[in-house]
Amino acid sequence: DSNAVQQMSLDQLLQLYNGVLPRTEPKAASTLSENFRVVTDFLHLQGAVLHINSPSVDDLVVTDPHWLLDAVTLIIRDPKLHPKPEDDVIPTLPFNRLFQQGILSLDVAQTLL
C-alpha cells in the first residue's frame, strides 16, 4: 500500500504506544519509558519494525522493513544486471562514482529513491 507509513520517529511510535495500551493506574514516566523500550526492542527482534539503537539514527523507526530493503536495493545493485529507467537520467560522473567506487551523492540517492 503506497499510503502506508514506512517510517516514523521514536516520538511518534511512543504516541502510538501510549494510545494503544490502556492505563488502569498512573505510572511513573521512567516505568513507561522502560516499558516502551522493551516493547520497541521486542518488535525489532520479531522483525515487525527496524530500530537501530545508535545515537545517529536512534530517533528513526522503520515500520516496514521490507520497504527499506527495497530502497537499499535500488542503490546497492549491479546496474548491468538490474538496470532501472532512472539510470539514464543520472549524469555519468555521479553514476560511475556510485557503481564503480561505491560513493553515493545526494542527487543520485534522490533520483533513485
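**Group meeting: a walk through the predicted model**

Good morning. Of the 113 residues in the protein, 20% are buried, where buried means under 20% relative accessible area, exposed means over 50%, and partly exposed lies in between, computed with a 1.4 Å probe on protein chains only. Please note that this is a predicted model, in which local features need pLDDT of at least 70 and side-chain atom pairs count only at pLDDT 80 or more, while totals for chains, interfaces and linings use all residues. Residues are numbered from 1 along each chain as its sequence is written, and side-chain values use heavy atoms, with hydrogens and water left out.

I begin with the overall architecture. The protein has five helices and two strands, arranged along the sequence as β-α-α-β-α-α-α. These elements are DSSP runs numbered from the N terminus, with helices being H or I of at least four residues and strands being E of at least two. Among contacts with a separation of 6 or more, 41% join residues 24 or more positions apart; a contact here means heavy atoms within 4.5 Å. The accessible surface of the protein is about 8,300 Å², and carbon and sulfur atoms account for 58% of that surface. Such areas come from the Shrake-Rupley method with a 1.4 Å probe, and for residues only the protein chains shown count as cover.

I turn now to helix 1. Which residues of helix 1 are buried? In this helix, which spans residues 10–20, they are Leu 10, Leu 13 and Tyr 17. Viewed down the axis of helix 1, these buried residues fall within an arc of 60 degrees, so they line one face of the helix. The arc is taken from the directions from the helix axis to the C-beta atoms. On the face turned away from that buried side, helix 1 carries the exposed residues Asp 11, Gln 15 and Gly 19.

Next, strand 2. Strand 2 covers residues 60–62, and Val 62 lies in it. Val 62 has a relative accessible area of 4% and is therefore buried. Beyond residues up to four places away in sequence, Val 62 touches Gln 6, Gln 7, Val 49, Leu 50, Trp 67 and Leu 68. Its C-alpha atom is 6.5 Å from that of His 51, a residue 11 positions away along the chain. Leu 60, also in strand 2, is partly exposed at 37% relative accessibility.

One of the partners of Val 62 is Gln 6, found in the segment before strand 1, which spans 7–9. Is Gln 6 buried or partly exposed? Gln 6 counts as partly exposed, because its relative accessibility is 24%. Leaving aside neighbours within four places in sequence, Gln 6 is in contact with Val 61, Val 62, Thr 63, Asp 64 and Trp 67. With Trp 67 there is a side-chain to side-chain polar contact at 3.3 Å. A polar contact is a pair of N or O atoms within 3.5 Å; within protein, one must be able to donate a hydrogen and the other to accept it, and residues adjacent in sequence count only if both atoms are side-chain atoms.

Finally, Glu 86 lies in the loop between helix 3 (65–75) and helix 4 (92–101). Glu 86 is partly exposed, at a relative accessible area of 31%. Apart from residues up to four places away in sequence, Glu 86 touches Thr 111 and Leu 112. Thank you for your attention.
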